[in-house]
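Here are my notes for a first look at this model. Please read them with the structure open.

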Amino acid sequence: MEKQIAIRGAIYGSAFIVLAMILFFIDPVMLTGGWYGLAIVLLYLAVMVVAAVQIRSMNPVDFKVGKAFKLIFIFGVSMAVVTSVFDVVFYSAISEETHDLLLNESIESQLEMMENFGTPQSVIDEQMPKIVEDMESRLSLSGVLPALLWKIVINAVLAIIIALIVQRRDKKNSALDAG
C-alpha cells in the first residue's frame with residue numbers, strides 16, 4: 001500500500017513539474033510572481049485533500065488517524081522529493097542569464113509586496129540585503145536541501161490536519177451518533 005501511495009505522490013509531483021515547465025517556457029518571470037506562489041499552494045492543498053480522499057477509498061474499513069497520517073505523509077513527501085530532485089537538475093541546467101533574471105524578478109516581487117503593504121522605506125532598505133541573500137539561496141543547489149526539509153515539516157502538519165478530517169470513525173462509539 002505504501003509503495004502505491006509513494007508512486008502516486010511521485011506522479012502528482014511530476015505533474016507539478018510539468019506545470020512549472022510550461023510556465024517557464026511561456027515566460028520564466030511567471031515563476032517569480034506572488035500569484036504563482038499562491039496558486040501553487042492552493043493547488044498543492046487541493047491535491048493533498050483529493051489524494052487523502054482517494055487513499056481513504058482504498059481503505060474502506062480501517063482508516064484511523066494514525067494510518068491516515070502515515071499514508072498522506074508518504075504521499076506528500078514523495079511529491080516533495082520528486083520536485084526537489086527536479087529543482088536540483090533545473091537550477092544546474094539553466095543558464096546564468098536565466099538564473100539572474102529569476103533572481104532579480106524574485107527580489108522585485110518581494111520589494112513590490114513590501115511597498116504594497118506600506119512598509120517604511122527605512123525598513124525596506126534594512127531588509128533588502130537579507131531578502132537578496134534569501135533569494136540567492138533559494139535559487140541555488142545549496143538552497144534545495146533546506147527547502148526540502150521545510151516541505152517535509154509542512155507535509156507533516158498538513159498530513160495530520162487532513163488525516164483528522166478524512167479518518168473513518170467507529171460509528172458505534174462516535175459521540176456524534178449518540179443520541
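1. Start with Asn155. Beyond its neighbours within four places in sequence, Asn155 contacts Tyr44, Met48, Phe73, Gly76, Val77 and Ala80. Bear in mind that this is a predicted model.

2. Asn155 belongs to helix α6, which covers residues 141-166. Its relative accessible area is 1%. Buried means under 20%, so Asn155 counts as buried.

3. Which residues of α1 are buried? They are Ile5, Gly9, Gly13, Phe16, Ile17, Ala20, Met21, Leu23 and Phe24. As background, an α-helix has 3.6 residues a turn, so residues three or four places apart point the same way. The cover over the buried residues of α1 includes α2 (34-58), α3 (65-93) and α4 (96-116).

4. Now look at how α1 meets α2. Their axes come within 12 Å and cross at roughly 155°. Angles over 145 degrees count as roughly antiparallel, so that is how α1 and α2 run to each other. The crossing is right-handed.

5. On the α1 side, the contact is made by Gln4, Ile5, Arg8, Tyr12, Phe16, Leu19, Ala20 and Leu23. From α2 come Tyr36, Ile40, Leu43, Tyr44, Val47, Gln54, Ile55 and Met58. By class, this contact has 13 nonpolar, two polar and one charged residues.

6. One link is worth checking on screen. Tyr44 of α2 takes part in the contact with α1, and Tyr44 is also among the residues that touch Asn155.

Note on methods:
Residues numbered from 1 in each chain as written. Predicted model: local features only at pLDDT ≥ 70, side-chain atom pairs only at ≥ 80, totals over all residues. Heavy atoms only, no water. Buried < 20%, exposed > 50% of the residue type's maximum accessible area, 1.4 Å probe, protein only. Helix = DSSP H or I, 4+ residues; strand = E, 2+ residues; numbered from the N terminus. Contact = heavy atoms within 4.5 Å. Axes fitted to C-alpha atoms, helices over the stretch in contact; angles between N-to-C directions. Parallel < 35°, antiparallel > 145°, perpendicular 65-115°, else oblique. Left-handed = near helix turned anticlockwise from the far one by under 90°. Nonpolar A, V, L, I, M, F, W, Y, C, P; charged D, E, K, R; others polar.
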